[in-house]
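Please look at the model below with its helices and its ligand in mind.

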Amino acid sequence: METYTPQEIVKELDKYIIGQNDAKKSVAVALRNRYRRSRLPKEQQEEISPKNIIMIGPTGVGKTEIARRLAKLVQAPFVKVEATKFTEVGYVGRDVESMIRDLLEAAIRQVNDNKMKEVEHQAEQLAEERLLDILAPMPKKKTPMTNPFEMFFNNGNAPSNQNTSTSDADVQAIKDKREILKQKLRRQELEEDYIDVEVEDSNAMNDMLASMGMDDTNGNFGDMMNNFMPKKTKKRKVTVEQARKILAQQEAEKLVDFDDVKQEAITLAENHGIIFLDEIDKIAGKGSSHGPDVSREGVQRDILPIVEGSVVKTKYGNIRTDHILFIAAGAFHVAKPTDLIPELQGRFPVRVYLENLSQQDLERILREPDNSLLKQYAQLMKTEDVELVFTDDAIEQLAKIACDLNEQTENLGARRLHTILEKLLADIMYTASDYAGQQFVIDEDYVKEQLRDMIVDRDLSNFIL
Ligand SMILES: Nc1ncnc2c1ncn2[C@@H]1O[C@H](COP(=O)(O)OP(=O)(O)OP(=O)(O)O)[C@@H](O)[C@H]1O
Ligand SMILES: [Mg+2]
């Protein structure tokens with residue numbers, strides 16, 4: 001796990017998110033407190049529960065983005081859930097624990113990916129040996145194997161119809177051949193050749209389930225069956241280049257012990273997991289006894305034990321939720337945080353307000369972030385060999401239009417920039433290939449021309465963006 005001071009975290013978040021300093025600080029502190037806790041003796045650790053956060057702010061001002069970037073920065077397993085999903089019609093205690101299972105899945109993927117990377121080099125070497133076994137199999141030996149290398153050559157890949165009485169000379173000939181092939185493989189001279197490799201036949205399983213009238217959408221059952229059933233394999237004809245990847249993947253899987261992965265993933269999710277509970281305001285407020293409202297308070301009560309700390313059963317083992325960090329978010333236009341049931345409020349002691357984005361903010365959002373929209377469009381156009389350039393006054397004008405529209409119609413926050421840029425660039429994106437090799441400059445006039453509907457007519461209610 002990377003460790004950052006709160007100030008460092010805020011500095012990193014500043015690269016992607018403009019303004020919203022209070023929110024950035026709060027999440028940075030919550031994160032640092034986890035690290036501080038992890039340095040205490042075990043007994044004291046148990047006592048300290050995370051200070052969960054509620055982010056309050058209108059749409060499109062960076063709530064989700066802050067949580068997502070934070071998780072990515074510190075490589076914490078992360079999931080985002082809409083609280084409203086639990087209020088959907090037909091909700092009968094729809095298992096809110098699924099968010100914990102999803103978090104664990106994310107952790108498993110993360111740990112597994114890391115472990116696979118660690119063994120990557122070793123797996124590539126093993127894959128090379130297996131390629132050689134396919135291209136020039138060693139004969140089966142009757143004498144006990146002493147050389148660990150040879151053990152490896154004979155790990156079941158050699159065809160069984162080999163004559164066991166191969167002479168030493170023959171063996172030497174094959175060894176020489178393998179050495180030559182190895183050099184060729186390393187010089188990538190055989191990449192295009194076709195060979196047969198043994199791969200897992202995942203279709204066999206799915207076919208069987210389908211024939212039983214079940215599909216594998218409900219993961220658990222499929223996994224359970226998979227564990228019982230012997231693995232089916234089939235031969236596939238592929239190029240050496242592809243085979244190298246397939247075999248390296250297979251070898252890496254053998255080198256990584258999945259029990260370790262599970263154990264590590266559970267610890268990771270328990271201590272570093274972050275769950276982003278979106279639209280929390282939509283489940284606030286007392287439910288009337290009519291319509292979809294009935295379940296609001298019920299959903300809060302369902303969520304409560306998870307946030308308070310409980311043990312959730314998963315197919316990988318039990319996971320404790322006590323120290324998972326929850327970041328809730330909502331606009332709270334109608335309901336207030338105080339409309340949440342008191343127990344839940346108590347579990348979300350930190351409240352931060354995110355501000356509306358001003359024209360200056362919007363302009364900075366266009367210019368500054370490493371992944372700003374303008375940079376994204378420029379990169380897209382570059383693939384067509386078109387250099388897209390925005391002048392300063394064009395950017396200023398765009399921010400102004402976005403801000404006006406937000407004020408005069410619906411406030412979409414930074415999302416407004418997406419709709420405006422799509423409209424602005426619609427023509428150029430349509431005809432980009434005509435400008436290959438050229439520079440396309442977007443200046444104030446072009447902005448005004450393309451977006452004139454929005455500027456000329458002050459009665460913006462005519463325009464639905
Ligand atoms: N302060 C900001 N700085 C940079 N980009 C921003 C900012 N606020 C929003 N954006 C961009 O706008 C888009 C929407 O932001 P985000 O998903 O964080 O909104 P939100 O606050 O979660 O809104 P909602 O309540 O609708 O979910 C994202 O592409 C994000 O990068
Ligand atoms: Mg959001």
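## Helices α5 and α12

In this predicted model, the axes of helix α5 (residues 98–118) and helix α12 (residues 258–272) come within 8 Å and cross at roughly 125 degrees, where axes are lines fitted to C-alpha atoms, for helices over the stretch in contact, and angles run from 0 to 180 degrees between N-to-C directions. The two helices α5 and α12 are therefore oblique to each other, since angles under 35 degrees count as roughly parallel, over 145 as roughly antiparallel, 65 to 115 as roughly perpendicular and the rest as oblique. Helices here are DSSP runs of H or I with at least four residues, numbered from the N terminus.

The crossing of α5 and α12 is right-handed, a term used if the near helix is turned clockwise from the far one by less than a right angle. On the α5 side the contact includes L103, L104 and A107, and on the α12 side it includes V261, K262 and E264, with two residues in contact if their C-beta atoms, placed from the backbone, lie within 7 Å. The residues of this contact divide into 10 nonpolar, 1 polar and 3 charged, where Ala, Val, Leu, Ile, Met, Phe, Trp, Tyr, Cys and Pro count as nonpolar, Asp, Glu, Lys and Arg as charged, and the others, Gly among them, as polar.

## Helices α15 and α17

Helix α15 (residues 359–367) and helix α17 (residues 392–408) have axes that come within 8 Å and cross at roughly 130 degrees, and they are therefore oblique to each other. Their crossing is right-handed. Q359, L362, E363, L366 and R367 in α15 meet residues of α17 that include I395, E396 and L398, and by class this contact has 7 nonpolar, 1 polar and 4 charged residues.

## The shell around ligand 1

Of the 17 residues around ligand 1, those that come nearest are G62, K63, T64, E65 and A414, a residue being near a molecule if its C-beta atom, placed from the backbone, lies within 6 Å of it. Helix α4 (residues 63–74) gives the most to this shell, with 3 residues. At least three residues come from each of domain 1 (6–116 + 262–353) and domain 3 (359–462), with bounds from an automatic or database domain assignment. By class, the shell has 7 nonpolar, 7 polar and 3 charged residues.

## Reading the model

Residues are numbered from 1 along each chain as its sequence is written, while chains are lettered from A and ligands numbered from 1 in the order in which they are written. As the model is predicted, local features need pLDDT of at least 70 and side-chain atom pairs count only at pLDDT 80 or more, whereas totals for chains, interfaces and linings use all residues.
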